[in-house]
Amino acid sequence: MKIFDIEEELKKLPHLPGVYLMHSDSEEILYVGKAVDLHNRVRQYFRKGHGHGGSPKITKMVSQIAYFEYIITGSEMEALVLECNLIKEHRPRYNTLMTDDKGYPYIRVTVNEEYPRLLYSHQMRRDHSKYFGPYTDGKAVHDIIVLVQKLFRLRTCNRNLPRDIGKERPCLYYQIGQCSGPCSEGLVSKEEYGEQIRQAISFLKGDNKELMSRLRQQMKDYAAEMEFEKAAEVRDLMESISHIMDKQRMNDTNADNRDIVAYARGEKDTVITVFFVRDGQLIGRENHHMSAEPEEEDASVLTEFIKQYYSSTPYIPKEILTRIPIREPEVLLSYLSEKKGQKVQLLQPQRGDKAGLLKLAEDNAKLVLEQDMERIKRKEKRTIGAVREIAEILNIPNASRMEAFDISNISGYHSVASMVVFENGEPRRNAYRKFRLRTVEGPDDYASMKEVLTRRYTNDKLGPLPDVLMMDGGKGQVHIAEMVLDSLGLEIPVCGMVKDDHHRTRGLYYKDKEVSFPKGSEAMHMVTALQDETHRFAITYHQLLRSKGQVHSILDDIPGVGEKRRRALLLYFKTIEALQAAEVEEIASLPEMDKRSAASVYRFFHPEDEESSADSPPGEDSSLRSDSPPGEDSSLRSDSPPGEDSSLRSE
């Protein structure tokens, strides 16, 4: 299903740098990419015989695209930073994901040292250094570090200064004029070296006009003197500078987190765009729609949005930037500061990087107002509208943050649990959590859930408390959660997500009765999506552990049954019950099995059956027993509700 006319939307794309996000009709983000020219780049995906048309992977992705959205940026490099952050946040299925999570390189200036150095770094750390980047070209980063060290005569050694000053003679770099020699007494003062560092930082910030002019003249002088090799070296350095100094903002690990709130108004519709800056990096944005009459003042509309938005969002930054002052700022700031637990500021920047980000957010809001208003309204109905509907059905104040839990195990072996978080109707994957059970042995879902909930709600590092807790199960799971919350002194509404006989979400179990949804309602779709995502996340984690050999099924304990035979048994019999009921002859009929291994499987499930002893090889231990107690469901997955298909799944 295409949510809008792709051809019409392609015509509206701006000729500007930015990031684009491809969505499926279920709101899944399929792909995140960056572009120097959004208009030209995105159009390539939908033109046969052009761009990516020859890639089967991209062809398959394009067939699933229902709509796309985009975020304009100030430069291609800013788009690169945002693209990298969005990929890490959403992990789209069609992006090539980095398993080592090193990301792009940075230039690190160790200003926390008395005699700072320039270093190459794979990531930013909270170590009070200044970081520049991220950059796309690792070689260019090395070139620029060497260049800056030469230009400003910075040290390259790892000596501990000032402790080791004067202990050794200056190195070769001092002798050839590429280091000012802070390791020796009397060569350069701490103040003079500090000025060299300040000049280097100014250059890395982008103040490179004077340097480029000097290099350009130097290249001409070398060429005039027929020293073409030296001229070529200078030319290459200039190219590295041009490549790497593309309008970069400094990333400071001490930078405050901030939100940039901008708006664009039409006759009756207003688009509010919120940019999120965390640790100095732009990591994403959200668009919101508000209905406002033309006579309403901008300050009133903005004030109402900030009150409504930050009263429901679980995270409040230290700074909120707006173009104009809001109404009654003292009262609102007092409320936000109390909710956050520390002082919150509302600022109206007039110049500098903050003002630049505000202008960028305003440009995005204008584009959304002109081109994407109807889509924003539909999306809000599916997300925020569904959240409000759930809150009304349950008669609770808010359901903005929902947390759901699920337990996954294999006949009680190595239980794991998952926690999935939806905020304002959308998945917040960076808030998902995985748990390995520590205290529970055997297939006890109630005890497992008790452990997980206790660990979750006694650990403040796992995020703010939810508005409502969703359990993947019925009455029993709900009561366990209520018992845990009561023991911790927490008052959080708890619901059980109930499925019908066809494994479809039927309603919610709340306050000892089942609450039904209106048929086809957005609330029902939202709870279904939450339940499916919770189950998927738990199973994916369990499969990951199995693939690493960290968990095993009951079949792993059968003598003479390895990976190949175990897979054959799973594919043929489907369930443990079917395998347990099978005779030796049927087991031995599989091509992968022989009479000896079939007898071993049979004895494992029927140690008391004397008739099977005739098939046992001499000396074979026939006392092996199943770990499942009599009558216990020994299906491969024990997290399924009663009546759910418990068929074995081949890995």
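Helices (H or I, at least four residues) and strands (E, at least two) are DSSP runs, numbered from the N terminus. The model is predicted: local features need pLDDT of at least 70 and side-chain atom pairs count only at pLDDT 80 or more, while totals for chains, interfaces and linings use all residues. Residues are numbered from 1 along each chain as its sequence is written, and side-chain values use heavy atoms, with hydrogens and water left out.

- Phe517 is found in the loop between strand S20 (513–516) and helix H17 (522–547).
- With a relative accessible area of 10%, Phe517 is buried; buried means under 20% relative accessible area, exposed over 50% and partly exposed in between (1.4 Å probe, protein chains only).
- Leaving aside residues up to four places away in sequence, Phe517 touches Ile393, Thr505, Arg506, Gly507, Leu508, Ala523, Met524 and Val527, where contact means heavy atoms within 4.5 Å.
- Ile393 is 124 residues from Phe517 in sequence, yet the C-alpha to C-alpha separation is 8.0 Å.

**Arg401**
- Arg401 belongs to strand S13 (residues 401–410) and is buried at 4% relative accessibility.
- The side chains of Arg401 and Glu423 are joined by a polar contact of 2.6 Å.
- A polar contact is a pair of N or O atoms within 3.5 Å; within protein, one must be able to donate a hydrogen and the other to accept it, and residues adjacent in sequence count only if both atoms are side-chain atoms.

**Aromatic pairs**
- Rings of Phe, Tyr and Trp (its six-membered ring) pair if their centres lie within 6.5 Å; planes under 30 degrees apart count as stacked, over 60 as edge-to-face and the rest as tilted.
- This rule gives 11 aromatic pairs.
- The ring centres of Tyr115 and Tyr193 are 5.6 Å apart and their planes stand at 55 degrees, so this pair is tilted.
- Because Tyr115 lies in the loop between strand S4 (106–109) and strand S5 (118–121) and Tyr193 in helix H7 (residues 190–204), the pair ties together parts that are 78 residues apart in sequence.
- Both partners are buried, Tyr115 at 7% relative accessibility and Tyr193 at 0%.
- One aromatic cluster is formed by Tyr20, Tyr31 and Tyr45.
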